[in-house]
Amino acid sequence: MAKGSFEASAPGKVILLGEHFVVFGKPALVMALDRRARVRVKLLELQADNIKVHSLNIPNASPAELQPIKEAAIKAMEFLGLRKGLEITVNSDIPISAGLGSSAAVSVATIAAVGGLFGVRFTKEDLCRLALEAERLVHKNPSGIDPTIATYGGILLFEKGKPPEPVKLDLDFQLIIGNTGIARSTGEMVAKVGLLQLYYPEIFESLLEGAHRLVLEALEALRASDLEGLGRLFNVNHGLLSAIGVSDISLERLVYAARAAGAFGAKLTGGGGGGCMIALAEAGRLDQVVQAIRKAGGEAFIAAPSERGVMLEA
Ligand code: PMV
């Protein structure tokens, strides 16, 4: 029996290393952020099939922008064998279209909230799978990394098609996120990288091998609490991402500004072509790097990892 309404939340994310190469089966390191999307789902008793979506963050959102949220709710109801009217309200503090996992966090929270509304607690595997099916409607070839981290939280070693491996750390750390403010489409960037592989399969294969090695080294550095080493690997990873054509001048400006301000390392994060970059620095230098990114034209903030994945708020 459904109660009147139900809320769930899920975190945004940054990919520490391995984006794009993860689409081709290589591992990536991904971290949940202390910024979340909250979704409240209310039953519309007498309006079967009517799904209304509001976003408190984009009050003038077009129907196309809200469609993925509707699709996530439909996927959840299909799985439960239901067709009900719903009112969905999204309230998120994750920047949108920036590569910080906002849409996956909203999808995962929506699916969990629809389950909760009808008294069902989805397993994490089902949540991820349903959110990934909804994501496929927007971007044709996703690796699944975004819904996975939104579901599990923490820091994960992720490989497409495999159960994610949690990475436990002794280390408390923060990183800097710089947003170019330029919205981009992950799907288009993934398609562009796919073309490069078709043109130069052998060169691409060696870049894939390099990316694989890089993620394994980064995992060692994280486990050894070696932020300086991790920063160096960020720089190498950024070089590989530039090589496959997903950086742009807006990202390069912020990456170089962060490095010049004394960061251990900086790289783009997520799909690229705009969106966000991340930087690592010693604790006493975080503010300096934030200021340098702002001066170079980006928005910047300091973020920490979050252990919390999807949560039912009731
Ligand atoms: O959603 P974004 O922009 O953070 O990109 C996700 C990471 C990619 O590797 C570029 C794509 C994917 O599906 O893994």
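**Rings, charges and the ligand**

Tutor: R259 lies over the face of Y256, 5.0 Å from the ring centre. A charge counts as over a ring if NZ of Lys or CZ of Arg is within 6 Å of the ring centre and within 35 degrees of the ring normal. K267 likewise lies over the face of F234, at 5.9 Å from the ring centre. This is a predicted model, in which local features need pLDDT of at least 70 and side-chain atom pairs pLDDT 80 or more, while totals for chains, interfaces and linings use all residues. Residues are numbered from 1 along each chain as its sequence is written, and side-chain values use heavy atoms, without hydrogens and water.

Student: How many aromatic pairs does the structure hold?

Tutor: A pair of aromatic rings is described by the distance of the centres and the angle of the planes. Rings of Phe, Tyr and Trp (its six-membered ring) pair if their centres lie within 6.5 Å; planes under 30 degrees apart are stacked, over 60 edge-to-face, and the rest tilted. The structure holds 3 such pairs. One of them, Y199 with Y200, is edge-to-face, with 6.3 Å between centres and 70 degrees between planes.

Student: Which residues are closest to the ligand?

Tutor: A residue is near a molecule if one of its heavy atoms lies within 4 Å of it. Here 17 residues surround the ligand, the closest being K13, S143, D146, R184 and T186.

Student: What lies 2.5 Å from an oxygen atom of the ligand?

Tutor: A polar contact here is a pair of N or O atoms within 3.5 Å. A polar side-chain atom of R184 lies 2.5 Å from a ligand oxygen atom.

Technical notes
Polar contact = N/O pair within 3.5 Å; in protein donor to acceptor, adjacent residues only side chain to side chain.
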